[in-house]
Amino acid sequence: MGWQAKWCPLFLELHRSAHFTRKIYRARIYLTLASFFIRVLVMPCILLVEDEPAIADTLIYALRTECHEVSHAMTGTEALEILDKSGRHDLAILDVGLPDMTGFDLCRKMRETSQIPILFLTARDGELDRVLGLELGGDDYVTKPFSPREVAARVRAILRRSRQSTKI
Ligand code: CA
């Protein structure tokens with residue numbers, strides 16, 4: 001048996017497996033691209049502005065479980081920068097007690113350029129604060145301590161309402 005006959009099946013096999021690997025590799029690229037477009041086009045994007053890491057973490061977890069994409073900011077300034085860079089947020093959750101400004105101040109600044117729905121989170125539950133938050137353009141109000149599930153349900157409801165109103 002000549003060396004060609006001996007090695008040829010091996011080369012063929014190698015060629016076949018390389019072809020197969022290329023196919024798998026290509027399929028993985030298509031899947032990654034598809035999941036990226038699904039995320040960009042379908043998943044609602046939420047801006048969460050909350051300076052307490054424990055609260056932020058539980059909310060981020062609850063929102064991501066509901067297939068929302070979440071951007072997190074610890075301060076009002078950071079939130080404004082995020083909004084400036086990416087105009088694709090569908091809703092903002094604002095803590096009222098932030099280190100650099102109140103959530104109400106942040107809402108006022110956001111309303112100069114954006115009409116996205118706003119949900120306030122606050123430790124205070126005075127009627128005045130609730131009224132002020134809503135009058136400044138907030139869409140809903142949750143008082144701490146809250147259940148992350150309740151916040152996620154309110155987010156769903158606000159997004160549903162805002163989608164319906166954009167359809168009309
Ligand atoms: Ca706070």
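Modeller: Buried means under 20% relative accessible area, and exposed means over 50%. Keep in mind that this is a predicted model.

Colleague: Why is Pro44 called buried?

Modeller: Pro44 has a relative accessible area of 10%. The cut-off for buried is under 20%, so Pro44 counts as buried.

Colleague: Where is Pro44 found?

Modeller: In the loop between helix 1 and strand 1.

Colleague: Which residues is Pro44 in contact with, leaving aside its neighbours within four places in sequence?

Modeller: Cys67, His68, Glu69, Asp90, Leu159 and Arg163. Contact here means heavy atoms within 4.5 Å. As for Thr75, 31 residues from Pro44 along the chain, the two C-alpha atoms are separated by 22 Å.

Colleague: Now Tyr30. Why does it count as exposed?

Modeller: Tyr30 has 55% relative accessibility. Exposed starts at over 50%, so Tyr30 counts as exposed. Its place is in helix 1, residues 3–41. Tyr30 also belongs to a nonpolar surface patch with Tyr25, Ile29, Leu33, Phe36 and Phe37. Together they have about 670 Å² of accessible area.

Colleague: What makes Asp51, Asp95 and Gly97 the residues that coordinate the calcium ion?

Modeller: Their donor atoms lie at 2.2 to 2.4 Å. For Ca, the limit is 3.2 Å, so these distances qualify. Asp51 and Asp95 each use OD, while Gly97 uses O. In sequence, the donor residues are spaced D-x43-D-x1-G. Water is not among the atoms, so the site may look incomplete.

Colleague: Are Asp95 and Gly97 buried or partly exposed?

Modeller: Asp95 has a relative accessible area of 2%. That is under 20%, so Asp95 is buried. Gly97 has 41%. That value falls between the 20% and 50% cut-offs, so Gly97 is partly exposed.

Colleague: Which residues have the most contacts inside the largest nonpolar core?

Modeller: Val49, Ala92, Leu94, Leu106, Met110, Ile118 and Phe120, in a core of 19 residues. The elements giving two or more residues to this core are strand 1 (45–49), helix 3 (76–85), strand 3 (91–95), helix 4 (103–111) and strand 4 (118–122). Helix 4 gives the most, with four residues.

Colleague: What is Leu106 in contact with, beyond its neighbours within four places in sequence?

Modeller: Val49, Gly76, Ala79, Leu80, Leu94, Leu98 and Met101. There is also a second, separate core of 18 residues. Leu48, Ala56, Val155 and Ile158 are among them.

Conventions:
Residues are numbered from 1 along each chain as its sequence is written. This is a predicted model: local features need pLDDT of at least 70, side-chain atom pairs count only at pLDDT 80 or more; totals for chains, interfaces and linings use all residues. Side-chain values use heavy atoms; hydrogens and water are left out. Donors are N, O and S atoms within 2.8 Å of the metal (3.2 Å for Na, K and Ca); water is not among the atoms, so sites may look incomplete. Buried means under 20% relative accessible area, exposed over 50%, partly exposed in between (1.4 Å probe, protein chains only). A nonpolar core is a set of buried Ala, Val, Leu, Ile, Met, Phe, Trp, Tyr and Cys residues joined through side-chain atoms within 4.5 Å. Patches are made of residues with over 30% relative accessible area and no salt bridge: like charges are joined within 9 Å, nonpolar side chains (Val, Leu, Ile, Met, Phe, Trp, Tyr) within 5 Å. Accessible areas come from the Shrake-Rupley method with a 1.4 Å probe; for residues, only the protein chains shown count as cover. A salt bridge is a side-chain nitrogen of Lys or Arg within 4 Å of a carboxyl oxygen of Asp or Glu.
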